[in-house]
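Please read this briefing beside the sequence and the model.

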Amino acid sequence: MAKSRSLDDILRDWPFQPGVISARTVRAKGGREVLQMRVELGVLQMEMAGRPDGERPEGYDTYVDYLVQQALEADHKFELTEEQCIEIDREFNQFYHRRICWLALREFERAVQDADHTLRLMDFARDYAADAEWLLSHEQYRPFVLFHRTQAASLAQLEAAGAEAAIEEINRGLGRIKDVFESVQGEEQFEQDEMVRQLRQLQDWLREYYEVGRTLSEQLTDAIDSEQYELAARLRDEIAKRARRTPPTGDLR
């Protein structure tokens with residue numbers, strides 16, 4: 001019988017803190033780095049690339065990659081089975097845990113990538129789910145995933161391109177969140193939402209701390225609203241120039 005190994009030493013040296021996301025990277029066997037998250041009853045260990053559990057469903061990098069191929073090859077209307085929904089839930093939860101670890105570790109670009117994967121998973125579920133109640137159980141978290149993505153993307157842009165780019169990223173994220181609210185609950189709920197309030201607080205802090213006024217895109221909106229079309233044209237040109245110099249979110253180095 002193989003000798004059992006206890007986690008006593010790890011748990012004693014890394015105490016659980018209620019309300020705090022405790023994450024770290026460590027070296028595993030073979031020298032590879034893995035991500036660990038301290039939870040109340042132990043430690044979650046995740047791979048840093050691909051699926052957090054390290055599995056390759058049916059030989060694909062992730063389960064949604066496999067499902068996309070299944071849908072493409074289907075000779076009839078593709079609908080998710082109950083078993084496939086369960087597997088989507090697994091992948092959804094795995095990427096959630098890794099995403100919040102990346103946020104805690106200030107690995108913002110990695111958090112953006114995992115949020116994008118989750119949104120892709122949710123989009124596929126929305127397009128092919130037969131169970132409306134199951135679908136709603138996922139869609140209710142879309143604003144939350146977009147909130148995490150917007151936080152991470154703005155702070156990644158702050159490091160890569162500066163405060164104005166970070167503010168613009170928040171504007172884009174707020175626009176995406178607003179679209180979700182307007183399609184389901186209405187603009188009033190959007191304005192009252194706590195996640196929206198936090199993003200605007202971050203935006204206000206960026207403006208004050210880095211002394212940023214109206215961004216180019218905001219100036220463009222103002223120019224169009226006031227019918228200053230020559231100014232709007234110049235602002236569009238400047239925005240295009242900056243876009244060529246600034247790496248898009250999701251491809252920051």
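A residue is called buried when its relative accessible area is under 20%, exposed when that area is over 50%, and partly exposed in between, with a 1.4 Å probe and only protein chains considered. By this rule, buried residues make up 39% of the 253 residues in the chain. The model is a predicted one, in which local features need pLDDT of at least 70 and side-chain atom pairs count only at pLDDT 80 or more, while totals for chains, interfaces and linings use all residues. Residues are numbered from 1 along each chain as its sequence is written, and side-chain values use heavy atoms, with hydrogens and water left out.

**Overall build**

- The chain holds 11 helices and three strands, where helices (H or I, at least four residues) and strands (E, at least two) are DSSP runs numbered from the N terminus.
- Read from the N terminus, the order of these elements is α-β-β-β-α-α-α-α-α-α-α-α-α-α.
- Along the principal axes, the C-alpha atoms of the chain fill a box of roughly 80 × 50 × 35 Å.
- Of the contacts in the chain with a separation of 6 or more, 55% are between residues 24 or more positions apart, a contact being a pair with heavy atoms within 4.5 Å.

**Surface and charge**

- The accessible surface of the chain comes to about 15300 Å², and carbon and sulfur atoms account for 47% of it; such areas come from the Shrake-Rupley method with a 1.4 Å probe, and for residues only the protein chains shown count as cover.
- The chain carries 34 positive and 50 negative charges, whose mean positions are 7 Å apart; Lys and Arg count as positive and Asp and Glu as negative, whereas His and the chain ends are not counted, and each charge is placed at NZ of Lys, CZ of Arg, CG of Asp or CD of Glu.
- Patches are made of residues with over 30% relative accessible area and no salt bridge, like charges being joined within 9 Å and nonpolar side chains (Val, Leu, Ile, Met, Phe, Trp, Tyr) within 5 Å.
- Trp205, Tyr209 and Tyr210 form a nonpolar patch of this kind, with about 360 Å² of accessible area together; Trp205 belongs to helix α9 (residues 194–210) and is partly exposed, at a relative accessible area of 40%.
- A patch of negative charge brings together Glu82, Glu83, Asp131 and Glu133 on the surface; among them, Glu83 sits in helix α3 (residues 82–104) and is exposed, with a relative accessible area of 60%.

**Salt bridges**

- The structure holds 23 salt bridges, each defined as a side-chain nitrogen of Lys or Arg within 4 Å of a carboxyl oxygen of Asp or Glu.
- One of these pairs Arg142 with Asp123, their closest N and O atoms being 2.9 Å apart. Because Arg142 lies in helix α6 (residues 142–161) and Asp123 in helix α4 (residues 108–128), the pair ties together parts that are 19 residues apart in sequence.
- Arg142 is buried, with a relative accessible area of 8%, whereas Asp123 is partly exposed at 26%; Arg142 also forms a salt bridge with Glu139, with the closest N and O atoms 2.8 Å apart.
- Arg200 and Glu191 meet through their side chains in a salt bridge of 2.9 Å, N to O, and the two are partly exposed, Arg200 with a relative accessible area of 32% and Glu191 at 39%.
- Elsewhere, salt bridges that share partners join Arg51, Asp53, Glu55, Glu87, Arg90 and Glu91 into one network.

- Gln203 is found in helix α9 and counts as buried, at 7% relative accessibility; leaving aside neighbours within four places in sequence, Gln203 is in contact with Ile167, Ile170, Asn171 and Leu174.
- Gln203 and Pro52 are 151 residues apart in sequence, and their C-alpha atoms are 31 Å apart in space.
- Ile177, in helix α7 (residues 163–184), is buried at 0% relative accessibility, and, not counting residues up to four places away in sequence, Ile177 touches Pro143, Leu146, Phe147, Thr150, Phe190, Val196 and Leu199.
- Ile177 and Glu79 are 98 residues apart along the chain, and 27 Å separates their C-alpha atoms.
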